[in-house]
Amino acid sequence: MKAFDFINAETVDDAVLRLTEYNGEAVLKAGGTDLLCTLKGRILPKYPKVVINIITVPGLDYIKEDAGGLRIGALTTLEKIAESPTVASKYSVLGQAARSVGNYILRDMGTLGGNLCQLVRCWYYRYPHHMGGIIACIRKGGKYCPAIDGDNRFHSIIGAKVCVAVCPSDMAIALTALDATIITNRRSIPIADFVGRWVTSWQTMK
């Protein structure tokens, strides 16, 4: 793992400001279960100079039910979702999805937001750079997707022309079935649109 600066964000706006300030040279860390592996393997296309810790931002870890439905904060752990009586009684598919993730230790660290935003699980993309050099797939600045003609188990190859990796989030599937909406401090995004853009943005690249 290379050296990097570590910053504890105090608010959502502070985290956004830091990301803007470092202009592509910073990444966010919540539970860190996926990020730390990518940093150790030097998997990211560009190694970050700064890691911004958002687990320190207050007010984003909650499960609430009101007249508008169920609300879950981005920093709520998957274990808390899996064990929530409210989720189990009215939104059981969400609890089942949370329980399907890894083991207790990972669920107790991993967050809902992190699960939704994790990197693809494609073995070409995640091939450790220190073990033989970067595999320059389309997501790393290359011109082709090696999974199209190579090992594409668990990928989506029908109709795909650029990148065939699929969204790896277990929670995204359940949230899509529940017609959920992601609400940020600036806008609201239907989960289906969030997942759709996550996938199709790579299919429309020139």
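Visitor: In which helix does Ile191 lie?
Guide: The model shown here is predicted, and its helices are numbered from the N terminus. Residues 191–203 form one of these helices, and Ile191 lies in that element, helix α10.

Visitor: Is Ile191 buried or exposed?
Guide: Residues under 20% relative accessible area are classed as buried, and those over 50% as exposed. Because the relative accessibility of Ile191 is 1%, this residue counts as buried.

Visitor: Are α5 and α9 roughly parallel or roughly antiparallel to each other?
Guide: The axes of helix α5, residues 92–99, and helix α9, residues 170–177, come within 8 Å and cross at roughly 175 degrees. Angles over 145 degrees count as roughly antiparallel. The relation of α5 to α9 is therefore roughly antiparallel.

Visitor: By class, which residues make up the contact of α5 with α9?
Guide: On the α5 side the contact is made by Val93, Leu94, Ala97 and Ala98, and on the α9 side by Asp170, Met171, Ala174 and Leu175. Sorted by class, this contact of α5 with α9 has no polar residues, seven nonpolar and one charged.

Visitor: Where around the axis of α9 do its buried residues sit?
Guide: The buried residues of α9 are Met171, Ala172, Ala174 and Leu175. Because they cover an arc of only 165 degrees around the axis, they are placed on the same side of α9.

Visitor: Which exposed residues does the face of α9 turned away from its buried side carry?
Guide: The buried side of α9 is made up of Met171, Ala172, Ala174 and Leu175. The face turned away from that buried side carries two exposed residues, Ile173 and Ala177.

Visitor: How many disulfides does the count come to?
Guide: A disulfide requires a pair of cysteine sulfur atoms within 2.5 Å. The sulfur of Cys163, a buried residue with a relative accessible area of 5%, has its closest cysteine sulfur in Cys145 at 5.0 Å, which is too far for a bond. For Cys117 the closest cysteine sulfur, in Cys167, is 9.2 Å away and so is also too far for a bond. The number of disulfides comes to zero.

Conventions:
Residues are numbered from 1 along each chain as its sequence is written. This is a predicted model: local features need pLDDT of at least 70, side-chain atom pairs count only at pLDDT 80 or more; totals for chains, interfaces and linings use all residues. Side-chain values use heavy atoms; hydrogens and water are left out. Buried means under 20% relative accessible area, exposed over 50%, partly exposed in between (1.4 Å probe, protein chains only). Axes are lines fitted to C-alpha atoms, for helices over the stretch in contact, and angles run from 0 to 180 degrees between N-to-C directions. Helices (H or I, at least four residues) and strands (E, at least two) are DSSP runs, numbered from the N terminus. Angles under 35 degrees count as roughly parallel, over 145 as roughly antiparallel, 65 to 115 as roughly perpendicular and the rest as oblique. Contact means heavy atoms within 4.5 Å. Ala, Val, Leu, Ile, Met, Phe, Trp, Tyr, Cys and Pro count as nonpolar, Asp, Glu, Lys and Arg as charged, and the others, Gly among them, as polar. The arc is that of the directions from the helix axis to the C-beta atoms.
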